[in-house]
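Hi,

Here is the structure I promised to pass on to you. Have a look at it first, and then read my notes below.

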Amino acid sequence: MLLKTLTQINGVSGSEEKVREYIKKEIEDIVDEIKVDKIGNLIAYKKGTASKFKVLLSAHMDEVGFIVTGYNDDGMIKFSPVGGIDPRVLPGKRVLVGDKGLKGVIGCKPIHLQKRDERDRNIKLKSMYIDIGCDKRDEAEKLVALGEYIAFDSKFKELGVDCIKAKALDDRAGCAIIMELLKNRYEFDLYASFTVQEEIGLRGSEVVGYQVNPDIAIVIEGTTCSDVPDVKEHEYSTELGKGPVLTVMDRTALADKDVLNFIYDTARKHEINVQFKKTATGGNDAGKIQRSRCGVKVASVSVPCRYIHSPSSVMSMKDFESCKSLMEAVLTELDNNNDYILKMLNGGSCNV
Amino acid sequence: MFETIKKLAGSFGVSGSEEEIREVIKSEIEGKVDEIKVDALGNLIAVKKGSGKKIMVAAHMDEIGVMATYIDDKGYIRFSNIGWVWQYFALGQRVMFKNGTVGAVFYEQKLKEMKDLKLSNMYIDIGAKSREEAEKKVKIGDTACFVGNTVMEGNMVISKALDNRSGCAVLVKTIQEMPETDNEIYYVFTVQEELGLRGAKTSAFGIMPDMAIALDVTDTGDTPECELMEVKCGGGPAIKIKDRSFIAHPEVRRLIEDSAKKIGIPYQFEIMEHGGTDTGAIHVTGGGVPSGAISIPCRYVHSPVEMADITDIENCVKLLKQCLKG
């Protein structure tokens, strides 16, 4: 299963090589051109049969994780987060350190040794360490180099009737969907980008937008889902099992209204349930792509993920499959509505 | 001038929903320029052809507002901010959706302390009795602006959205009076400035100007017990030295100052501690664009009772016209 394979590969922001190699190998025979740009984005191109406009689909390859920043005299590894991680989920979690995948555990001061006021506060990231089973600094230094990446050690598992649990669903889910979509050929020119360093500030997508210069871009993401106890209904960002998510606004972009409505109408026509994201927080590659060159019409379609950015994100396979169906339908409808799309893009071409 | 400001400030144009204000501005300037276009993000670009330097003049046409994020069973609407909306300014105000639906903004009354007021414990009441009834008028993702009609008191204009329809009015008037110049002028009414200078970035890339001037409002330091600031209403156009988004290019700053001296209008210098403007994005476009800004002193920015001196605004038109000749 594609999603399972993808989530089991480690690719913390800045070290996406293995994810990139895998995706490249899987899609190079079904696209017309494929390249890796200077900062590591994988960009594939599939020429259209009529080439009237350019559509870019984008998902990021990187995942949140950590990086080795030092050693303690007792052989413990010091580390910093790469991307946004809630420190409260970390103690006791298993990690894999470096390319060799050295096993380790995130540790902190045990509760019976903590003072009363320490217990009342959340544990700070600074007071945690990674235990790789060494008891001397020089031992640890031999096994682990400074700057090595650290990924969550978490297996893909099926949960209940139709859910799965895995790390890195944000955004291997998007990668998997785009890889499937590349099997088809359309009238328009189709580009797909698998970007790097999204989690540390949408860095890969900033140069992808410039290189591809698309007319329309759709970002496919794993997004936050907070339909859990103790959250008020109006604060649910999305709900599991209610279908793919359309984002009107987040911190980085307002979706283009024409493209968003087009996706929504397509969902209605094909009887696919969709939901709107109810919070305006977070952000994704759409923000940077929208503002490359003379501007790009963008939208985001996402799959809800509970406990995102943790080692155990939970996703509904039904949502994942219907996100794929929705995107298939959208691309087909883009072909069927050439005239409408060209009218929508009027004046939008960028020749600079 | 007042009629133009009233017309522009009264038009709907929350960031991302600038369709109505764009059409209003377009109708005001049609026939006065050589070309009018709208780019992929929705920026309105009016071009006056010429053989000289390419000068970009930018004023953002979007305004702050709110967006519906959730409608409950009783028809109350939860919302998120578009641009910087202070919860205390929003409390007790009216908002208006694009289709004219008006709602009252209020807070969950079990809230004990006003310091805990947040937009997430506030709601919009459009008088609907159920979710179904509310959804007939407002959908998730719809935006609303604050209500605040445009009036004159003495020499002061009071209105919502003087940020930045007063700047748009300066551009519109300048275009209508067609200053004589050999330079190629790109008058750009930008989108989504309030969300991070987004329209300015893409429009500047498409133009690649030799120089840019932004027209926007600035805070003032002339109200009781306010933060110290040199700028005051009635003191003339403010020539920007710096804000959070950029430092004015010394030569552009000098051009603006020399222009003001030449036509003999009062002017003042502005250093704004908070906020930025379109030139923040424009000046780092391509290989860099020398940029400056002319600001309209404005009290109570981002509230529905923004206030500016109409003589300052009129002087901005005179000043901009002189700058474009140079």
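This is a predicted model: local features need pLDDT of at least 70, side-chain atom pairs count only at pLDDT 80 or more; totals for chains, interfaces and linings use all residues.

On the helix 2 side of chain B, the contact is made by Ile25(B), Glu28(B) and Ile29(B), and on the helix 5 side by Cys168(B), Val172(B), Ile175(B) and Gln176(B). Sorted by class, that contact has five nonpolar residues, one polar and one charged.

Helix 7 (residues 250-263) packs with helix 9 (residues 310-325) at an angle of about 115°, and their axes are 9 Å apart. Here, too, the crossing is right-handed. Helix 7 of chain B brings Leu255(B), Ile256(B), Ser259(B), Ala260(B), Lys262(B) and Ile263(B) to the contact, while helix 9 of chain B brings Lys318(B), Leu319(B), Gln322(B) and Cys323(B). These residues divide into six nonpolar, two polar and two charged.

Now for the domains. Chain A is divided into domain 1 (2-63 + 167-344) and domain 2 (65-152), and the C-alpha centres of these domains lie 32 Å apart. Their contact takes twelve residues from domain 1 of chain A and eleven residues from domain 2 of chain A. The side of domain 1 of chain A that touches domain 2 of chain A has three nonpolar, six polar and three charged residues.

In chain B, the assignment gives domain 1 (2-63 + 160-325) and domain 2 (65-146), with C-alpha centres 31 Å apart. Each of these domains of chain B gives 13 residues to the contact. On the domain 1 side of chain B, the residues touching domain 2 of chain B divide into five nonpolar, five polar and three charged.

Finally, how do the chains meet? In the model, 19 residues of chain A are in contact with 24 residues of chain B. The side of chain A that touches chain B is made up of nine nonpolar, five polar and five charged residues.

Happy to talk any of this through.

Best wishes

Note on methods: Residues are numbered from 1 along each chain as its sequence is written. Chains are lettered from A and ligands numbered from 1 in the order in which they are written. Domain bounds come from an automatic or database domain assignment. Two residues are in contact if their C-beta atoms, placed from the backbone, lie within 7 Å. Ala, Val, Leu, Ile, Met, Phe, Trp, Tyr, Cys and Pro count as nonpolar, Asp, Glu, Lys and Arg as charged, and the others, Gly among them, as polar. Axes are lines fitted to C-alpha atoms, for helices over the stretch in contact, and angles run from 0 to 180 degrees between N-to-C directions. Helices (H or I, at least four residues) and strands (E, at least two) are DSSP runs, numbered from the N terminus. A crossing is left-handed if the near helix is turned anticlockwise from the far one by less than a right angle, and right-handed if clockwise.
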